[in-house]
Amino acid sequence: MKKALMLAGATAATALVVSGCSGSGGGGEGGSYTWDFTITTSDSSTWYKGAEKFGELLDEKSDGRMTLNIVANEQLSGGDPAAGVEMLADGSKAFSYNSPIIYSGIDQRFGAITAPFLFESLEEVDPVLEGTGAEAYDQLLDEMGIEFLGFGESGFRQLTNADTEVTAPKDLAGMKFRVAGSALFLDIYKELGADPVSMNWAEVFTSLQNGTIDGQENPLDIIHSSSLAEVQKNLTLWNYVYDPLLLGMNKGMFDELSPEDQQIVTEAAAEANEYQVQLNRDLADEQLTELEGQMEVTELTPEQLEEFRTAMEPVYAKYEGEWTPEIFDKVQPQG
C-alpha cells in the first residue's frame, strides 16, 4: 500500500486532481481555489476549530481567493481515517488533520512519535516538535506525496471504560478496548492483557453504549467532544501516548500553486496550528473539570506508571527496528 500511495502522490504532483480542489488559476498567480479539508472528529472538537481558523486565515490572506470546505467525522471517506489519508495522497481532497497513528497503518515509521510512555510532559514534547521531529515527519510525508504543513495537537491519550478503576496492567485483563487502527496499539493492549479491537470512530459511541466494547483510549478533547461520559464511567489519566496532528496538503496541489500562494498557505497553516494547539491546551483543564463531574477519574502515580512502562519492554523490542533509528532518534526527548 505504501508503494501505491507514493505513486499516487507522484502522479498528483504532475497533474492536479480536481476532485479535491475546484476553481481557476492553475499554477498562476491570483487563481481562485475551493479546497476540501477533512478531520476525523466532530465539529465541536479543537481539530475542527483549528481547521476553521485555517480557512479564515486563507480567506483573509488571499483576499477571498482561497476557501475551505471543512468536513467533520471523516464523512468523505465513510468514517475511515485510513481511507481519508489515501484520499489526501491521491488528490481526492486537498487538506487533512490526521494523527500519525493513522499514517502508521501505511508506514510503521510514522508510529515512532506515539511510542508508549515516550514523553512525560508537554515540556518534553515541544522542543521535539519544533526541531528534529518536524524534520522526520516532513521527510515521511514527502515520500507519500503530501506537503507537511506542521503539527497540530490531539494531546496525551487517556483511557476510559465502563466499570473498572485501572491502576495496574492486571486491571485490563480480558477487557475489550477500541484502539486506533494501528498494529502498534493492538500490540500495546495485548501486552497489557486486554482484548483490543479496531473500528471506525463513527461506530465507537454506539458500541460503548450497547456493551460491544468495554472502553476506548483517546485524548481529553475527543473524550469530551464526543460525549463519552454518557456511556463510560471510569477515566484513567496516564498520558501513555502523546498524539500530535499532522496538517498535510496534497503535494501535487501545493506544487501547482504560485510561490506567492504557497507562502499564503504555509503562513496560514503555521498560524492555524499554533491557534489549535493553544486552544487544545487551554481547554484541557476545563474539559477535565467537567469530566470529573461525570466520571470517576483516576490519575496514576509515578510508581503505577512505572509498572506500565516495564510492561511495554516487549513492544519496544518489536517496533524500534520498524520505526528505524533515523526516525526514532529524532523523536526522543531532549536533554
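Predicted model: local features only at pLDDT ≥ 70, side-chain atom pairs only at ≥ 80, totals over all residues.
Let us start with strand β9, which covers residues 234-250. How much of β9 is buried? Of its 17 residues, 16 are buried, so the strand is mostly covered.

Strand β4, made of residues 95-98, runs antiparallel to β9, and 4 bridges link the two. Within this pairing, Tyr-97 sits opposite Leu-247 of β9. Strand β5, residues 146-161, is also antiparallel to β9, and here there are 12 bridges. One place to look is Thr-160, whose bridge partner in β9 is Leu-235. Strand β10, residues 296-299, runs parallel to β9 and is joined to it by 4 bridges. Leu-235 turns up again here, with Val-297 as its bridge partner in β10.

## Strand β8, a covered strand

Next comes strand β8, residues 215-219. It is mostly covered as well, with 5 of its 5 residues buried. In a regular strand, side chains alternate between the two faces of the sheet. Which residues of β8 point the same way as Gly-215? Glu-217 and Pro-219 do, while Gln-216 and Asn-218 point the other way, and all of them are buried.

On the pairing side, β8 and β5 are antiparallel and share 5 bridges. Thr-160 stands opposite Gln-216 of β8, and Thr-160 also has Leu-235 as its bridge partner in β9. Strand β6, residues 176-179, runs parallel to β8 with 2 bridges between them. In that pairing, Phe-177 faces Gly-215 of β8.

Now for the helices. Helix α2 spans residues 46-61, which gives 16 residues. From its first C-alpha to its last, α2 reaches 22 Å, close to the 22 Å expected at 1.5 Å a residue. An α-helix has 3.6 residues a turn, so residues three or four places apart point the same way. The buried residues of α2 include Trp-47, Gly-50, Phe-54, Leu-57 and Leu-58. After α2 comes Asp-63, which has a positive phi near 55 degrees.

Two packed helices are described by the angle between their axes and the distance between the axes. How do α2 and α11 pack? The angle between α2 and α11 (residues 259-292) is about 150 degrees, and their axes lie 8 Å apart. That angle is over 145 degrees, so α2 is roughly antiparallel to α11. Their crossing is right-handed. On the α2 side, the contact includes Trp-47, Lys-53, Phe-54 and Lys-61, and on the α11 side it includes Ile-264, Ala-268, Tyr-275 and Leu-283.

Most residues other than glycine have a negative phi, and most peptide bonds are trans. Which way does the phi of Ser-227 go, positive or negative? Ser-227 is not a glycine, yet its phi is positive, at about 55 degrees. This residue belongs to the loop between α9 (220-225) and β9. With a relative accessible area of 31%, Ser-227 is partly exposed. Thr-324 also has a positive phi, near 70 degrees, without being a glycine. You can find Thr-324 in the loop between α13 (313-323) and α14 (325-328).

Last, look for Glu-130 in helix α5, residues 122-130. Is Glu-130 buried or exposed? Its relative accessible area is 68%, so Glu-130 is exposed. Along the chain, Glu-130 and Gly-150 are 20 residues apart, and their C-alpha atoms are separated by 9.2 Å.

Note on methods. Residues numbered from 1 in each chain as written. Heavy atoms only, no water. Buried < 20%, exposed > 50% of the residue type's maximum accessible area, 1.4 Å probe, protein only. Pairing = 2+ DSSP bridges. Expected span 1.5 Å × (residues − 1). Axes fitted to C-alpha atoms, helices over the stretch in contact; angles between N-to-C directions. Parallel < 35°, antiparallel > 145°, perpendicular 65-115°, else oblique. Left-handed = near helix turned anticlockwise from the far one by under 90°. Contact = heavy atoms within 4.5 Å.
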